[in-house]
Amino acid sequence: MRINHPTNYDVIVIGAGHAGCEAALASSRMGCRTLVLTANIDTIGLMSCNPSIGGVGKGHLVKEIDALGGEMGKAADHAAIQWRRLNTRKGAAVQATRIQADRQAYRVYMKSALESERNIDIKQRMAEGFLVSNGMVSGVKTTLGEHFFSDAVVVTPGTFPNGLIHIGMTKIPSGRAGEAAAIGISDSFGSLGFRVGRLKTGTPPRLDGRTIDWGMLEPQPGDENPKPFSFSNSSISREQMPCYITYTNENTHRVITNNLHKSPLYSGEIKGIGPRYCPSIEDKVVKFRDKERHQIFLEPEGTHTYEIYPNGISTSLPLEVQYELVRTIDGLSRVEIMRPGYAVEYDFVDPVQLKPTLETKLVDNLYFAGQINGTTGYEEAASQGLMAGINAALRVKGRDPLILDRSQAYIGIMIDDLVTKGVDEPYRMFTSRAEYRLVLREDNADIRLGEIGYRTGLLNEKMYERFYNKKKSISDELHRLENIKIMPSPGVNNILAGLGSSPLKKPQSLKEILRRPEISYRELDLIGGGGYKAPPGEDYVTQIEMEVKYEGYIRMQVEQINKFKKLENMPIPGDFSYHGIPGLSKEIVQKLSNVRPGSLGQASRISGMTPAAISVIMVYLKKGEFERGAGPHSFSS
């Protein structure tokens with residue numbers, strides 16, 4: 001029986017994982033009446049796998065979410081039980097934040113955040129399909145026969161579409177242990193004409209911490225002066241919990257090798273492609289046979305549980321083999337498994353079928369975000385959810401969409417990679433994917449994106465003012481350092497010698513002195529001239545030093561960005577035809593017609609595209625502009 005719900009919503013969000021939470025919060029905070037449909041209200045914001053947030057590349061995404069007005073950074077700081085800065089011995093561009101979280105505290109925080117928004121309604125329903133007419137979505141239908149109507153729909157189903165769990169030869173239709181797969185909505189993707197593929201991810205067994213011999217293990221404490229994720233938090237004073245390190249060994253590898261025929265990954269039962277950068281322990285042993293051991297981090301799942309997450313041994317081997325292999329590991333000889341590890345296969349939709357706004361090309365006002373687009377990880381999902389929620393709200397309000405390009409944010413890089421290149425394995429963010437990573441750092445995400453967050457309506461006046469003042473104070477300080485000259489003198493040169501630096505032979509500005517690798521910003525105060533100005537925060541110091549010490553490299557990247565913008569700002573009309581253009585191979589024409597790039601820059605990043613092909617397209621684009629100026633002409637050849 002069909003039941004029409006009486007409320008007409010602006011935006012409906014399907015799913016309430018990391019993507020769904022950010023999408024719903026964004027659209028509601030931008031003034032849209034938002035409905036969240038989730039299969040289980042108690043699992044809103046649940047961390048399905050690793051109880052951590054951030055890492056190299058991923059931490060950059062979280063900082064950007066926070067700078068735009070999203071919630072993940074605040075939730076991470078609230079639920080964190082350990083903070084760590086990664087790559088601290090490397091340049092600031094690749095340094096990153098990672099926290100270990102209390103899974104339940106994170107879930108409760110995020111559920112409360114959604115429930116506190118007056119523009120959000122939450123209903124426990126399983127979505128079955130979409131209401132579509134004239135190529136435009138108008139709502140969602142559920143397995144209970146209800147029809148919910150809206151102006152836009154954001155789909156964030158995680159690993160639930162046709163989800164299938166594997167533990168040895170046992171198969172369980174499920175998107176997450178103990179929760180049913182979403183069958184109907186997955187079938188609806190194909191019926192609407194979307195190309196659907198199959199991916200796989202996995203999780204390790206959860207261990208009983210009371211049965212671990214902690215005395216045999218190497219502790220890994222958090223940072224002494226933890227650095228918060230959210231720019232709204234200035235410091236952290238909470239007590240931290242340690243993680244512990246152990247390793248697989250020859251016996252562990254022997255158990256796995258002897259039981260590979262029982263692994264669904266190697267017996268052919270699993271068809272989906274797994275993440276290359278987060279392989280199962282079976283894959284590690286098979287593909288890296290020369291390695292004598294693999295590192296395992298034993299991570300607490302929270303402050304009020306003894307459940308332990310052994311990061312590094314994701315597996316889909318049978319439970320009895322899981323027991324055998326974990327008990328070969330130092331410290332785990334008597335360990336009990338609380339939850340078995342498993343692999344999960346699920347459907348995803350080829351993201352090349354999306355616009356850079358994450359709206360689908362086949363159905364207007366329908367947006368996809370998260371693992372449905374072929375990504376892996378909480379941070380990647382939350383970033384997409386935020387952008388999909390923002391763009392759905394902007395569409396409803398009749399405003400221009402928000403598209404972040406590759407020179408503005410890691411979020412822009414990820415989305416551009418997805419919609420331009422597609423995926424052939426679960427996509428994970430790394431700093432190596434960024435062409436301009438010297439200017440896309442964690443520490444300056446607020447300066448890069450704060451104004452955008454304010455304009456969309458997600459950042460309040462107070463936070464925007466904070467970002468603006470920070471930007472201005474850094475600019476003023478750089479100007480001050482450039483204009484204060486230090487004269488050579490025995491006293492100054494003795495101080496420089498004590499800092500391991502060469503003496504002054506002629507007057508130099510404080511900026512020139514700070515450019516020396518061995519001199520820090522705080523040490524300028526020793527040199528004189530009012531060289532040290534009390535900073536408003538540690539990020540201030542980092543940015544001062546980065547801007548000065550890497551000034552030449554940053555200038556080069558800014559020049560590259562300006563060239564990038566020229567290509568990016570040359571639009572390609574949606575009805576532009578590539579057929580019949582001399583110099584374009586059939587393969588390139590097919591790829592261009594499939595992706596339908598929105599700009600010459602996006603076209604240049606399609607796999608297999610050549611500089612010669614881009615030059616030809618540019619000529620035809622300019623020809624079309626000239627002809628349009630002379631009179632009505634078609635772009636088709």
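1. R84 stands opposite R98 in strand 5. Strand 4 and strand 5 (residues 96-101) are paired in the antiparallel sense over 6 bridges; two strands count as paired if DSSP finds at least two bridges between them. Helices (H or I, at least four residues) and strands (E, at least two) are DSSP runs, numbered from the N terminus.

2. The model is predicted: local features need pLDDT of at least 70, side-chain atom pairs count only at pLDDT 80 or more, and totals for chains, interfaces and linings use all residues. Residues are numbered from 1 along each chain as its sequence is written, and side-chain values use heavy atoms, with hydrogens and water left out.

3. An open sheet is formed by 3 strands in the order 3-5-4, with antiparallel pairing. Its edge strands, each pairing on one side only, are strand 3 (52-54) and strand 4 (80-86). Helix 3 (residues 72-79) packs on this sheet and touches strand 3, strand 4 and strand 5. The direction of helix 3 makes about 115 degrees with that of strand 4; axes are lines fitted to C-alpha atoms, for helices over the stretch in contact, and angles run from 0 to 180 degrees between N-to-C directions.

4. The largest nonpolar core has 108 residues, and I53 and F130 have the most contacts inside it. Such a core is a set of buried Ala, Val, Leu, Ile, Met, Phe, Trp, Tyr and Cys residues joined through side-chain atoms within 4.5 Å; buried means under 20% relative accessible area, exposed over 50%, partly exposed in between (1.4 Å probe, protein chains only). Helix 9 (residues 378-396) supplies the largest share of this core, 10 residues. Leaving aside neighbours within four places in sequence, I53 is in contact (heavy atoms within 4.5 Å) with residues including M72, A76, I99 and Y378.

5. Two hairpins share strand 11. Strand 10 (residues 164-167) and strand 11 (residues 170-176) pair in the antiparallel sense over 4 bridges, and I167 stands opposite T170. Between these strands lie 2 residues, and G168 takes a positive phi near 65 degrees. Strand 11 also pairs with strand 12 (residues 179-180) in the antiparallel sense, over 2 bridges; in that hairpin G178 takes a positive phi near 90 degrees.

6. Helix 12 (residues 461-483) has 23 residues, so at 1.5 Å a residue it should span 33 Å, which agrees with the 33 Å between its end C-alpha atoms. The expected span is 1.5 Å times one less than the number of residues. Among its buried residues are M463, F467, I474 and L481. The buried residues of helix 12 pack against several elements, including helix 2 (58-68) and helix 16 (538-549).
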